[in-house]
Amino acid sequence: MPAGFPDFRLGSVLATSFTGTLSERHGDAVERIPTPRRLIDWLAVYGLAVDSCTPAQLALARELRESIHAVATAASLQDALPAPAVHVINDRSAQGRAAAILTPEGERRWQLSSASRVEDALGVIAADAISIVAGERDGKLALCASPTCQAAFFDTSQSRTRKWCDMNTCGNRQKKARFHAKQREDPGSAE
């Protein structure tokens with residue numbers, strides 16, 4: 001990863017990992033795909049390699065990201081899904097030309113059109129979001145308990161009670177905050 005850019009926050013669920021390319025939404029927001037090149041890099045990490053990306057395609061990607069976040073947030077809160085966001089997700093899904101292929105190892109991979117367009121990769125991400133929101137996958141949409149993050153994530157834990165989008169960042173930060181608050185209340189407890 002080039003210096004100067006924040007690391008990607010990778011997860012196992014494509015659509016919610018994509019929404020994580022903007023983190024700390026309710027604090028000092030961190031944009032993890034600030035340039036077209038960074039979107040190309042992120043897509044490659046998820047097996048969606050594209051040849052190039054224009055600023056207009058980056059704008060489409062960000063619009064999709066925010067639409068997925070809005071729909072996932074509404075679904076996790078059991079609110080009505082925002083129609084404009086649903087429209088964007090459906091449009092991106094319909095405009096993509098990608099095929100699911102089976103590898104010799106029995107895994108599904110995505111094969112983009114021969115031109116390897118960003119729109120095809122966005123179609124795969126939109127389709128993944130649709131399958132999650134429609135309840136086709138085993139898990140539950142949830143929001144990170146961090147007051148500055150509140151990222152949507154897909155909880156596949158056995159109990160479906162996960163609180164943090166990422167234990168190594170948000171969960172650890174909250175645990176440290178609780179520890180330091182307890183130390184301030186009872187300074188002698190660390191001894």
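## Thr-54, between two helices

With a relative accessibility of 37%, Thr-54 counts as partly exposed, a class that lies between buried (under 20% relative accessible area) and exposed (over 50%), as found with a 1.4 Å probe and protein chains only. Thr-54 sits in the loop between α2 and α3, where helices (H or I, at least four residues) and strands (E, at least two) are DSSP runs numbered from the N terminus. Although 15 residues separate Thr-54 from Leu-39 in sequence, their C-alpha atoms are 9.9 Å apart in space.

This is a predicted model, in which local features need pLDDT of at least 70 and side-chain atom pairs count only at pLDDT 80 or more, while totals for chains, interfaces and linings use all residues. Residues are numbered from 1 along each chain as its sequence is written, and side-chain values use heavy atoms, with hydrogens and water left out.

## Helix α3 and its last residue

The 22 residues of α3 should span 32 Å at 1.5 Å a residue, and this agrees with its end C-alpha atoms, which are 31 Å apart; the expected span is 1.5 Å times one less than the number of residues in the helix. Several residues of α3 are buried, including Leu-58, Leu-64, Ile-68, His-69 and Ser-76. After α3 comes Gln-78, whose phi is positive, near 60°.

Ser-76 belongs to α3, which covers residues 55–76. The side chain of Ser-76 reaches the backbone oxygen of Thr-73 at 2.9 Å, and such a polar contact is a pair of N or O atoms within 3.5 Å, where within protein one must be able to donate a hydrogen and the other to accept it, and where residues adjacent in sequence count only if both atoms are side-chain atoms. When residues up to four places away in sequence are not counted, Ser-76 touches Leu-141, Ala-142 and Leu-143, contact here meaning heavy atoms within 4.5 Å.

## The nonpolar cores

A nonpolar core is a set of buried Ala, Val, Leu, Ile, Met, Phe, Trp, Tyr and Cys residues joined through side-chain atoms within 4.5 Å. The largest such core has 34 residues, of which Phe-18, Leu-39, Trp-42 and Ile-125 touch the most other members. Two or more residues of this core come from each of α1 (14–19), α2 (36–45), α3, α4 (83–95), α5 (118–133) and β6 (152–155), and the largest share, 8 residues, comes from α5.

What does Ile-125 touch, leaving aside its neighbours within four places in sequence? Its contacts are Leu-14, Ala-15, Phe-18, Trp-42, Leu-43, Leu-48, Leu-64 and Ile-68. There is also a second, separate core of 8 residues, and among them are Ala-142, Cys-149, Phe-153 and Cys-170.

## An aromatic cluster

Rings of Phe, Tyr and Trp (its six-membered ring) pair if their centres lie within 6.5 Å, and the pair is called stacked with planes under 30 degrees apart, edge-to-face over 60, and tilted for the rest. By this rule there are 2 aromatic pairs. One of them joins Phe-18 and Trp-42, a tilted pair with 5.1 Å from centre to centre and 55° between the planes. Because Phe-18 lies in helix α1 and Trp-42 in helix α2, this pair ties together parts that are 24 residues apart in sequence.

Phe-18 is buried, with a relative accessible area of 0%, and Trp-42 also counts as buried at 0% relative accessibility. The rings of Trp-42 and Tyr-46 have planes at 35° and centres 4.4 Å apart, so this pair is tilted. Phe-18, Trp-42 and Tyr-46 form one aromatic cluster.

In α4, the buried residues are Ala-85, Val-88, Ile-89 and Arg-92. They cover an arc of only 95° around the axis, which puts them on the same side of α4; the arc is that of the directions from the helix axis to the C-beta atoms. These buried residues are covered by elements that include α3 and α5, whereas the face turned away from the buried side carries the exposed residues Ala-83 and Ala-94.

## Gln-150 and its contacts

Gln-150 is placed in the loop between β5 (140–143) and β6, and at 33% relative accessibility Gln-150 counts as partly exposed. Gln-150 and Glu-24 are 126 residues apart in sequence, yet 7.4 Å apart in space, C-alpha to C-alpha. Beyond four places in sequence, Gln-150 touches His-26, His-69, Leu-143 and Cys-144, and the side chains of Gln-150 and His-26 make a polar contact (3.1 Å).
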